[in-house]
Amino acid sequence: MMKQSIIICLMLSWTTIVFSQTLSLDVANHGFRANWFESNDQKAPTLILFGGSEGGTGFGDLWAPKLNDMGYHVLSMAYFGEEGLPEQLELIPLEYLDKAIGWLDDQQGGTAKKFGLIGVSKGAELALIQAGRLERFHAVVALAPSSVIWQSINRKDFMSNQSSWTLSGEPLKFLPYCFAKGYQNIFNFYDCALDDLDQNAVIDVENIQAPILLLSGRDDKLWPSERMANMIVETLTVADHQYPFLHKNYPAAGHWLVAPHLDPESKGVSEQEMSAFDFLGGSAEELVEISQLVEEEVYKFLREHLNR
C-alpha cells in the first residue's frame, strides 16, 4: 500500500500546462537544472521555487507567470528526476543550490540583493533546510511544510533507508518512516514517526535569518503538515526568533494548497487531478478558492518582507 500511495503521489504532475520561459538552464552547461523567468524590472527581487516529490520544474513553471506579473524574477528549480540530476529523491546534495545562487549573482552584476525562497511539500522541507544553511534569503515560504528531515523517496526501492539530503558528502540525520500503525495510510508513516522524534533529524529553523510564512491544510492526508508547522512555530517561539513568522492553516484544505494554473471562474480540475484528492485530502470544490487565498497570503507576505 505504501508503494501504491507514493506512486500516485508522484504522478501528480504540475506540467499539464506549459508556459514559455525566458531561459532554460541545464546541468551540463550551468551545473544546475532550472527555468529562468525574468521580470521586466531588472531590479526586481528574485524568487527560487522548489516543487515536491513529483520532481522537475512543473510547480515553479506554473506559478512563475503570476509571480512575474507581481514584479519578481523567478528561478524554477529541479533538484532530482531530470537529466543530469539524481534519478530519485535521495541523497540530494544541498550544495547544488549554491551553483544557482552564483549564477543569479552573476546575472545581476554581483551579489543579488533580494532573494526569496518558496517550496511545497518536500520542496518546503528543502527550502527550510537551505534557508537555515545560507544567509542569503529575505523571505521564506513553506507550503505543506515539514519540521524534520525525512527518509528518502526512492521509487525503485521504497524501503531504502537513506536520507533525502547530504551536506559535504555526508547524509543528513533523518527520521525514518514508522510502520507501527500498519501499511494502509501513508499519513501514518509520517505521523507516528513524529511520536518518537529524533531531535537530530529536526530542521534547524531557528537558524533562518529571514521572515517565515508557513501554510498548511487541516485535511492534509499525505503528511501531518499542520502538526509539523505547529512544531516549527514552537521551535521559533522558544528560540525567541528575531524575524517575523506566521502559520496560516486552512481547515478545508488538503496537502494541495496552491493551483495557479486553475481558472478562478471555473473549477477546472482535470480528471487526473481529481484522482489526487483521496490521498492528498481537501476537494476539487474547495481547491480554487483555497488556492486564491493562499496565493494572496503569499503575495502579501512577499510585498511586506521582500519588496522593502
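So, the largest pocket: there's about 280 Å³ of space in there. Of the 17 residues lining this pocket, the ones closest to its centre are Gln-42, Lys-43, Ala-44, Pro-45 and Gln-108. By class, its lining has six nonpolar, six polar and five charged residues.

Quick caveats. This is a predicted model, so local features need pLDDT of at least 70 and side-chain atom pairs count only at pLDDT 80 or more, while totals for chains, interfaces and linings use all residues. Residues are numbered from 1 along each chain as its sequence is written, and side-chain values use heavy atoms, with hydrogens and water left out.

And the terms. A pocket here is an open set of points on a 1 Å grid over the protein atoms alone, where a 1.4 Å probe fits, with protein on both sides within 12 Å along at least five of seven lines; lining residues have an atom within 4 Å of a point. Points are joined across faces, edges and corners, and the volume is the space filled by probe spheres set on them. For the classes, Ala, Val, Leu, Ile, Met, Phe, Trp, Tyr, Cys and Pro are nonpolar, Asp, Glu, Lys and Arg are charged, and the others, Gly among them, are polar.

On to the second largest pocket, at about 230 Å³. This one is lined by 14 residues, with Ile-129, Ile-149, Leu-172, Val-202 and Asp-204 nearest its centre. Its lining has eight nonpolar, three polar and three charged residues. Which helix gives the most to that lining? That's α5, residues 122-133, with four residues. Helices (H or I, at least four residues) and strands (E, at least two) are DSSP runs, by the way, numbered from the N terminus.

Next, the aromatics. Searching the whole structure turns up 13 aromatic pairs, meaning rings of Phe, Tyr and Trp (its six-membered ring) with centres within 6.5 Å; planes under 30 degrees apart are stacked, over 60 edge-to-face, and the rest tilted. Take Phe-32 and Trp-103: their ring centres are 6.1 Å apart and the planes sit at 65 degrees, so we call that edge-to-face. Phe-32 is in the loop between α2 (27-30) and β2 (33-37), Trp-103 is in helix α4 (residues 96-107), and they're 71 residues apart. Both Phe-32 and Trp-103 are buried, where buried means under 20% relative accessible area, exposed over 50% and partly exposed in between, with a 1.4 Å probe and protein chains only.

Tyr-190 and Trp-223 make another edge-to-face pair, 5.3 Å centre to centre with 90 degrees between the planes. Tyr-190 belongs to helix α6 (residues 186-194) and Trp-223 to the loop between β10 (212-217) and α7 (225-238), so the pair ties together parts 33 residues apart in sequence. Tyr-190 is buried at 4% relative accessibility, and Trp-223 is buried at 2%. There's also a cluster: ring pairs link Phe-50, Tyr-79, Phe-80 and Trp-165.

Strand β8 (residues 165-167) runs antiparallel to β9 over two bridges, and Leu-167 stands opposite Glu-170 in β9. In the loop between β4 (73-78) and β5 you'll find Leu-91, which is partly exposed at 31% relative accessible area. Leu-91 and Ser-164 are 73 residues apart in sequence, yet 4.8 Å apart in space, C-alpha to C-alpha.

Conventions: Two strands pair if DSSP finds at least two bridges between them.
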